[in-house]
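Subject: Structure handover

Hello,

I am passing a structure on to you, with notes on what was found in it. Please look through it before reading the notes.

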Amino acid sequence: MHTLKQQIARLGLAFGLFWVIVSSVAAETTQRSLDIYLFWAKGCPHCAEAIGFMRREVEKSPDVRVHYLEVTRNMGNRKAFSSLIGHFAIQRPGVPLTVIGERYVEGYDDDRTTGADIKTAIASCLASSCPDLVWP
């Protein structure tokens, strides 16, 4: 027969283990990472602006990885680009095309407009898990 102290000790140990497990699961769910894909073409001025924005504003976040995929010289990048054009049913495709989870931003005007749209999509994906359509 177990004494009351032994039962309390076991209950405390069980509760402690439960708390450790819950805490580690909570920590894993709050530490999300996000892959962003920016499709671009050499010589495209809007692409250069988008890349500059990503380097200044987005790459600062340790939870975000930006992949720059040039589409005119790399067949694999071009195939991924074409696949996404079909997936999103984009009628008049162009670059830059930024893919963030299930969202995309086509073109680039400036940091206040297009940049703000990109930041909003990033924040949404970091808050709740977004699928990666480019690199499963």
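The notes below go from the overall layout to individual residues.

This is a predicted model, in which local features need pLDDT of at least 70 and side-chain atom pairs count only at pLDDT 80 or more, while totals for chains, interfaces and linings use all residues. Residues are numbered from 1 along each chain as its sequence is written, and side-chain values use heavy atoms, with hydrogens and water left out.

Overall layout

The protein has four helices and four strands; helices (H or I, at least four residues) and strands (E, at least two) are DSSP runs, numbered from the N terminus. Along the sequence they follow the pattern α-β-α-β-α-β-β-α. Of the 136 residues, 32% count as buried, where buried means under 20% relative accessible area, exposed over 50%, and partly exposed in between (1.4 Å probe, protein chains only). Contact here means heavy atoms within 4.5 Å. Among contacts with a separation of 6 or more, 62% are between residues 24 or more positions apart.

The sheet

The four strands form an open sheet with mixed pairing, in the order β2-β1-β3-β4; two strands pair if DSSP finds at least two bridges between them. β2 (64–70) and β4 (103–106) are at the edges with a single partner strand each, so one side of each has no neighbour in the sheet. From one strand to the next, the twist averages 20°, with axes taken as lines fitted to C-alpha atoms and angles running from 0 to 180 degrees between N-to-C directions. Strands β1 (residues 34–40) and β3 (residues 97–100) run antiparallel and are joined by four bridges. Ile36 has Ile100 in β3 as its bridge partner.

Asp35 lies in strand β1 and is buried, at 18% relative accessibility. Its side chain makes polar contacts with the side chains of Arg65 (2.8 Å) and His67 (2.7 Å). A polar contact is a pair of N or O atoms within 3.5 Å; within protein, one must be able to donate a hydrogen and the other to accept it, and residues adjacent in sequence count only if both atoms are side-chain atoms. Leaving aside neighbours within four places in sequence, Asp35 is in contact with Arg65, His67, Val99 and Asp132.

Asn77 is in helix α3 and is buried, with a relative accessible area of 15%. Not counting residues up to four places away in sequence, Asn77 touches Phe39, Leaving the rest of its list aside, Leu69, Glu70 and Val71.

Aromatic rings

There are three aromatic pairs. Rings of Phe, Tyr and Trp (its six-membered ring) pair if their centres lie within 6.5 Å; planes under 30 degrees apart count as stacked, over 60 as edge-to-face and the rest as tilted. One of the pairs is Phe53 with Tyr108, tilted, at 5.8 Å centre to centre and 40° between the planes. Phe53 is in helix α2 (residues 45–58) and Tyr108 in the loop between β4 and α4 (111–127), so the pair ties together parts 55 residues apart in sequence. Both Phe53 and Tyr108 are buried.

Phe88 and Tyr104 also form a tilted pair, at 4.5 Å centre to centre and 40° between the planes. Phe88 is in helix α3 (residues 75–88) and Tyr104 in strand β4, 16 residues apart. Phe88 is buried at 14%, whereas Tyr104 is partly exposed at 33%.

Regards
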